[in-house]
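Student: I have a protein model open and I'd like to learn how to read it. Could you walk me through it, one feature at a time?

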Amino acid sequence: MKLLIVLFLFLAALVVEFDAKPFYTLRNVKTKKMDPEKLKGLNQAIQDLFKQNFDKEEFKKGLIHFVKAFSDKEILEAWYSLPKSERNCIKQAQNIIYAKIFSGQQYTPDEALNCIKNSCPNSTEQIQKLYDLQIQKLKEALNKIRKEVEKLPPTIQDVIKKLYRGLKKIGFERDEAKLRAAFLPFFQQLLEIPEVELKKLAELCPDLATILTGDLRKPVVVIIRKFIKFCKTGDNDAFDQEFFRAVGKLIPFMQEQFEKLVEAIKNAPEQDLPDFVVQGLEEEICEAFNQIYYFQKEEDQQLREEEVVDDSKFGLFNEINLIV
């Protein structure tokens with residue numbers, strides 16, 4: 001299980017090089033038109049289901065536990081040693097940068113850092129120290145992940161490197177054709193991994209055995225071939241009924257792995273953090289939840305007041321820039 005998590009983190013970390021530009025792009029997808037009344041009913045049903053099964057307080061406790069268990073202690077202490085007014089200033093500056101990125105503007109990490117410094121001149125020195133500390137910790141984490149990946153069979157390492165090199169070439173470009181071209185050799189090479197190396201990986205990651213060499217290998221191959229077809233043609237018809245049947249066969253496996261991951265997170269020991277860190281952390285998470293709930297109420301009110309619903313907004317995915 002540990003190696004599975006490490007492999008997942010490595011794939012995510014490879015997308016970001018410290019002197020490069022972090023990015024994560026999703027293809028814009030729009031829904032078909034839906035009757036406004038049906039859309040309202042569907043929206044209400046989803047909200048009701050969410051409210052019935054979602055415990056706000058329990059989720060907050062779980063999130064606080066996750067941060068206490070897995071976040072870097074030095075970074076937490078550096079962040080919460082700043083006055084709350086300065087933390088708010090930095091977060092506001094970050095939000096402005098995110099908004100500009102969502103609208104298509106491009107930023108390098110250094111450009112984003114300078115924008116935050118200019119917005120919060122009272123904390124310029126602390127902001128630089130915090131940034132340097134984050135980069136240092138990120139490099140240390142990446143080195144650990146690379147050491148774990150070196151334990152993987154050679155062909156599998158090559159597959160990961162090929163994906164990294166392809167994505168690195170794209171950078172900030174929002175070109176679907178180039179993105180598909182970057183992923184194509186990755187998916188193709190997945191099908192070329194020798195059986196003996198798949199067995200070695202299954203031994204290293206027993207949780208993956210069923211999709212590497214077991215009963216779920218066939219639906220995985222179907223899914224990979226569909227993605228190869230999409231990368232070659234850009235045609236969404238690649239994701240047909242056969243594709244979704246294969247995905248359906250994987251759902252119980254994915255659910256099982258997700259439950260194992262949740263259980264591992266739940267049982268992870270928490271770090272011994274100073275009181276000012278714990279207090280600041282709990283305050284920020286509670287404030288974030290209150291903002292989300294306030295926003296949801298505003299959305300509900302707006303939806304009720306609209307005479308005609310533009311349902312295209314419910315199916316639009318824009319570029320996401322995630323900074324950890």
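Student: Let's start with helix H9. Which residues in H9 are buried?

Tutor: First the idea: buried means under 20% relative accessible area, exposed means over 50%, and partly exposed is in between (1.4 Å probe, protein chains only). In H9, the buried residues are Leu179, Arg180, Ala182, Leu184, Phe186, Phe187, Gln189 and Leu190. Before we go on, a word on ground rules: this is a predicted model, where local features need pLDDT of at least 70 and side-chain atom pairs count only at pLDDT 80 or more, while totals for chains, interfaces and linings use all residues. Residues are numbered from 1 along each chain as its sequence is written, and side-chain values use heavy atoms, with hydrogens and water left out.

Student: Okay. What does H9 span from its first C-alpha to its last?

Tutor: You work out the expected span of a helix as 1.5 Å times one less than its number of residues. H9 covers residues 176-190, which is 15 residues, and it reaches 21 Å, close to the 21 Å expected.

Student: And where is the kink in H9?

Tutor: The bend at a residue is the angle between axes fitted to the seven residues ending there and the seven starting there. In H9 a kink of about 25° lies at phenylalanine 183, shortly before proline 185.

Student: Zooming out, how many helices and strands does the chain have?

Tutor: Helices (H or I, at least four residues) and strands (E, at least two) are DSSP runs, numbered from the N terminus. This chain has 14 helices and zero strands. Buried residues make up 35% of its 324 residues.

Student: What about contacts between residues that are apart in sequence?

Tutor: A contact means heavy atoms within 4.5 Å. Take the contacts between residues at least 6 apart in sequence: 76% of them join residues at least 24 apart.

Student: Now the charged pairs. How many salt bridges are there in the whole structure?

Tutor: Side chains of opposite charge can pair when their charged atoms come close. The cut-off for a salt bridge is a side-chain nitrogen of Lys or Arg within 4 Å of a carboxyl oxygen of Asp or Glu. A search of the whole structure finds 14. One of them pairs lysine 61 with glutamate 58, with the closest N and O atoms 3.9 Å apart.

Student: How are lysine 61 and glutamate 58 placed in helix H3?

Tutor: They sit three residues apart in H3 (residues 56-70), so about one helical turn separates them. Lysine 61 is exposed at 54% relative accessible area, while glutamate 58 is partly exposed at 46%.

Student: Which residue does lysine 137 form a salt bridge with?

Tutor: Its partner is glutamate 74, and the closest N and O atoms are 2.6 Å apart. Lysine 137 is in helix H7 (residues 124-149) and glutamate 74 in helix H4 (residues 73-80), so the pair ties together parts 63 residues apart in sequence. Lysine 137 counts as buried at 16% relative accessibility, and glutamate 74 as partly exposed at 43%. Asp72, Glu74 and Lys137 are linked in a network of salt bridges.

Student: Last one: which cysteines does the disulfide join?

Tutor: A disulfide is a pair of cysteine sulfur atoms within 2.5 Å. The search finds one in the whole structure, and it joins cysteine 89 to cysteine 120, with S to S at 2.2 Å. Cysteine 89 lies in helix H5 (residues 84-102) and cysteine 120 in the loop between helix H6 (109-119) and H7, so this pair ties together parts 31 residues apart in sequence. The link is left-handed, with -105° about the S-S bond. Cysteine 120 is buried, at 1% relative accessibility.
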